[in-house]
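This briefing concerns annotated sites, helix packing and backbone geometry. Please consult the sequence and the structure shown here before reading the points that follow.

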Amino acid sequence: MFSIIFIVLLLIQTLTQCYLSVRQIRYVSQHKGQVPEAFAHKISLTSHQRAADYTIARQRLHLIEIFINVIVLLGFTLFGGLTALNNLIAEHISSPIWYQILLLITVSAISQIISLPLAWYRTFVLEQSFGFNRMTPGLFIKDLIKETLLGLVISIPLFYGLFAFLEAFYTPYWWVWAWAGFSVFMLIMMFIGPTIIMPLFNKFTPLDNPELQERIQSLAKRANFALKALFVMDGSKRSAHGNAFFTGFGKNRRIVFFDTLLSKLTPAEIEAVLAHELGHFKHKHIIKRLIMMFVMMFVFFAVLGFLIDKVWFYAGLGVFPGISQPIYGIAIVLFMLVLPVFTFLYTPISSWFSRKDEFEADSYAAKQSDAHELISALVKLYDDNASTLTPDPVHSAFYDSHPPASIRIAHLKAAMH
């Protein structure tokens with residue numbers, strides 16, 4: 001019965017993803033011949049068509065990813081791949097703790113290797129053809145090595161601690177302790193990320209622009225925001241896309257601008273973009289999302305705690321662990337593999353809440369800065385990043401974390417009155 005439920009949900013997920021991608025391709029293609037009236041005087045037809053072609057190319061690649069992901073998932077589950085891999089590792093590793101860690105690492109490595117060709121294609125063919133890629137093959141490989149080593153350095157001690165704890169202090173409520181441990185770990189990573197991890201991949205230098213610094217300091221004072229540090233990140237060595245973001249907590253909290261963003265926007269526009277980001281803090285969106293994340297993690301660990309000793313959970317997904325083997329490692333792997341299938345229909349709800357937050361942040365920015373400047377900045381970013389101005393409404397409602405361009409700018413214009 002559980003196999004049928006899994007197959008039905010996987011079929012719903014796959015067909016929905018394909019349907020939405022095809023809708024997006026068709027809708028964007030049908031509207032590429034004319035720039036929407038609200039943008040006609042700001043974005044050229046050539047730029048509009050480039051954005052349409054970029055969106056279509058990405059969706060076509062996404063369709064390939066959908067089918068590869070389905071094949072990989074079925075290969076690990078119903079086709080017996082995870083069982084075979086588990087038995088192979090168990091035969092050669094006698095330590096229960098290290099056997100489980102190696103199983104987690106191996107499944108992750110196989111998944112990464114399978115996804116590597118598409119990642120290479122996305123960077124050096126798709127992004128390159130639209131003029132966005134700045135990454136060299138050497139930097140791509142260097143990043144891959146760094147990410148792999150960093151992942152091992154972080155995950156091995158984490159899972160070793162979990163499995164050692166379970167081996168020595170088993171309790172029926174082990175999942176509560178596991179949730180608490182992972183929650184503390186994630187908070188630590190958020191705290192050290194800006195100062196230790198992120199600098200491994202990018203160079204961060206203090207902002208050196210007196211006019212912009214003065215504007216930002218004035219904005220922070222108006223918003224009653226304790227400004228800690230302003231940094232510029234060398235995002236241009238990987239991509240021509242521009243962005244700005246907040247990161248860290250407490251003394252490690254910082255505002256980061258991509259160098260590509262600073263080169264495209266005026267100081268007044270950057271101030272407006274920053275006012276939007278401040279809006280997320282003032283409306284406590286970051287805290288709310290963190291709380292929601294920890295609540296969802298608690299639910300997931302509770303479900304895992306319930307499923308871990310249920311034979312039907314493993315058998316229904318085509319996985320048959322050895323009787324004498326520790327169950328935690330393979331349970332975590334299996335749960336993480338199938339979790340996206342069982343949570344897929346939550347996607348449009350999450351997207352709706354995210355768009356709601358963006359509207360609130362825009363309204364705050366309109367009060368703390370010049371809404372005309374934010375509109376001007378957004379139009380430039382839509383143009384430079386080749387973001388389509390005419391997304392399919394259904395696709396957008398399901399996936400998009402930000403409102404469509406026309407709706408967002410209409411909302412900003414209304415906020416000015």
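UniProt positions are given in the numbering used here, feature names are shortened, and annotations may be inferred rather than shown by experiment. For "active site", the unreviewed UniProt entry lists Glu277 and Asp362. The model is predicted: local features need pLDDT of at least 70, side-chain atom pairs count only at pLDDT 80 or more, and totals for chains, interfaces and linings use all residues. Residues are numbered from 1 along each chain as its sequence is written, and side-chain values use heavy atoms, with hydrogens and water left out.

**Residues annotated "active site"**

- On a 1 Å grid over the protein atoms alone, a pocket is an open set of points where a 1.4 Å probe fits, with protein on both sides within 12 Å along at least five of seven lines; lining residues have an atom within 4 Å of a point.
- Helix H9 (residues 267-282) holds Glu277, and helix H13 (residues 347-368) holds Asp362. Helices are DSSP runs (H or I, at least four residues), numbered from the N terminus.
- Glu277 is buried at a relative accessible area of 18%, and Asp362 is buried at 0%. Buried means under 20% relative accessible area, exposed over 50%, and partly exposed in between (1.4 Å probe, protein chains only).
- Not counting residues up to four places away in sequence, Glu277 touches Ala244 and Phe246. Contact means heavy atoms within 4.5 Å.
- With neighbours within four places in sequence left aside, the contacts of Asp362 are His276, Leu374, Arg408, His411 and Leu412.

**Residues annotated "binding site"**

- The unreviewed UniProt entry applies this annotation to His276, His280 and Glu358. These residues span 83 positions in sequence, yet no two of their C-alpha atoms are more than 8.2 Å apart, so they gather at one spot.
- The lining of the largest pocket includes His276, His280 and Glu358.
- His276 is found in helix H9 and is buried, at 5% relative accessibility. Leaving aside neighbours within four places in sequence, His276 is in contact with Glu358, Ala361, Asp362, Ala365 and Arg408.
- Glu358 lies in helix H13 and is buried, with a relative accessible area of 4%. Beyond four places in sequence, the contacts of Glu358 include His276, His280, Arg289 and Arg408.

**Packing of H6 and H10**

- The axes of helix H6 (residues 174-197) and helix H10 (residues 285-307) come within 9 Å and cross at roughly 150°. Axes are lines fitted to C-alpha atoms, for helices over the stretch in contact, and angles run from 0 to 180 degrees between N-to-C directions.
- The angle makes H6 roughly antiparallel to H10, a term for angles over 145 degrees.
- Residues making the contact include Trp174, Trp175 and Trp179 of H6, and Phe294, Phe298 and Phe301 of H10.

**Positive phi values outside glycine**

- Lys284, in the loop between H9 and H10, has a positive phi near 60°. Lys284 counts as exposed, at 52% relative accessibility.
- Ala386, in the loop between helix H14 (371-384) and helix H15 (393-399), has a positive phi near 55°. Ala386 counts as buried, at 3% relative accessibility.

Methods: Helix = DSSP H or I, 4+ residues; strand = E, 2+ residues; numbered from the N terminus. Parallel < 35°, antiparallel > 145°, perpendicular 65-115°, else oblique.
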